[in-house]
Amino acid sequence: MSEALTELYSVRETAKIFGMSEARLRYWMQTGIIAASVRQGGRFYYTFRDMVVLKAARDMMAAEVPGEAVRKHLLTLAKILRDHGTSGEQMRICCDGEVLVAVHDDRPFESLSGKIMIAFSLASLREHIAETLRDRTAPDIDEAGVIAPGDREAVPSVYDDRPTDMMSVGSAYTAFTDGLTAEAAGNLALAEHKYQHALAMQPTFTAAMTNLGNIRYAQGDLAAARKLYQQVLALEPEHPEARFNLATVLEDAGELEHALSELRRVVVTSPNFADAHYNLGLLLTKLGSKRQATRCFERYLELDPHSEWAANATSALRRGAASHGAAGSTSA
């Protein structure tokens, strides 16, 4: 997929295309689910290849494919896209939850399980992007032949691409996204109800379980939050947000060495999870390891230089200490 001109899409435009929040996209970047592969002027941009992987991630999560399987399939898809170059846009991506394959649209495809959970053509995705951004102003082309769009405001819209049929009303994923909307509006009671509903339909839905843990933590019920995060990790040992938030609970409970161990594991398994580097820096400062803390704050600023915590990290570097922890992330 090496076009002569590589069109780039800002985080805001990508949020609009997929009907997602920018916060969720940034969370996926931090935790390594799918990252924007281009960085210019301190901002991230997605290529069309990134958009294909992002759509596959979104559809698999809507089809309630387990998180570890999603990550495995995305690695497979990224390799397929690299290997097929410009011929890739004739492909159709299909996944039955166990196996992900790419086939050409003029060839028949039959899932091993007989049930296709996601299926979409790259050509239809490009058409959807063009239609969504049809009012985009003519982009500038830089010296490297890269089309760099302006970072204009993009309001997330309903994404109804239709090639994938698993986003059915009443699914656990629908309840989960309703919970996200309620939580963003500050209605924690409704969000709690929605996450519990999602878990009633899909007991292994780790994202809903993690967010329910976050609500328990906000309510001051550290024991319940800890139990929920531990349940997530039993199902998905490398779930970065659950381990990150478990570390917060452990620190609040005074189990500093245990919290330190959990945060170190997060930054190893999810090296782009900026908040984990920041909180690790705070904890190392508290434990007197200021030299190691300095490296954590520096890494945090490399990953997220424009965040609300950037000034705190800069101050921490100057004085070798900091007083506030990063807010917990929201799963997606």
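In helix H1, the buried residues (under 20% relative accessible area, with exposed over 50% and partly exposed in between; 1.4 Å probe, protein chains only) are Val11, Glu13, Thr14, Ala15, Lys16, Ile17 and Phe18. The model is predicted: local features need pLDDT of at least 70 and side-chain atom pairs pLDDT 80 or more, while totals for chains, interfaces and linings use all residues. Residues are numbered from 1 along each chain as its sequence is written, and side-chain values use heavy atoms, without hydrogens and water.

Because seven of its eight residues are buried, H1 (residues 11–18) is largely enclosed by the rest of the structure. Helices (H or I, at least four residues) and strands (E, at least two) are DSSP runs numbered from the N terminus. The elements covering the buried residues of H1 include strands S2 (9–10) and S4 (43–46) and helices H2 (22–30), H3 (48–62) and H5 (122–132). Gly19, which follows H1, has a positive phi near 65°.

Six aromatic pairs are found in the whole structure; ring centres of Phe, Tyr and Trp (its six-membered ring) must lie within 6.5 Å, and planes under 30 degrees apart count as stacked, over 60 as edge-to-face and the rest as tilted. The rings of Tyr278 and Phe297 are edge-to-face, because their planes stand at 65°, with centres 5.8 Å apart. This pair links helix H12 (residues 274–286), which holds Tyr278, to helix H13 (residues 290–303), which holds Phe297, across 19 residues. Both residues are buried. Tyr278 and Trp309 form a tilted pair, with centres 5.8 Å apart and planes at 40°. Tyr278, Phe297, Tyr300 and Trp309 make up one aromatic cluster.

Key:
Contact = heavy atoms within 4.5 Å.
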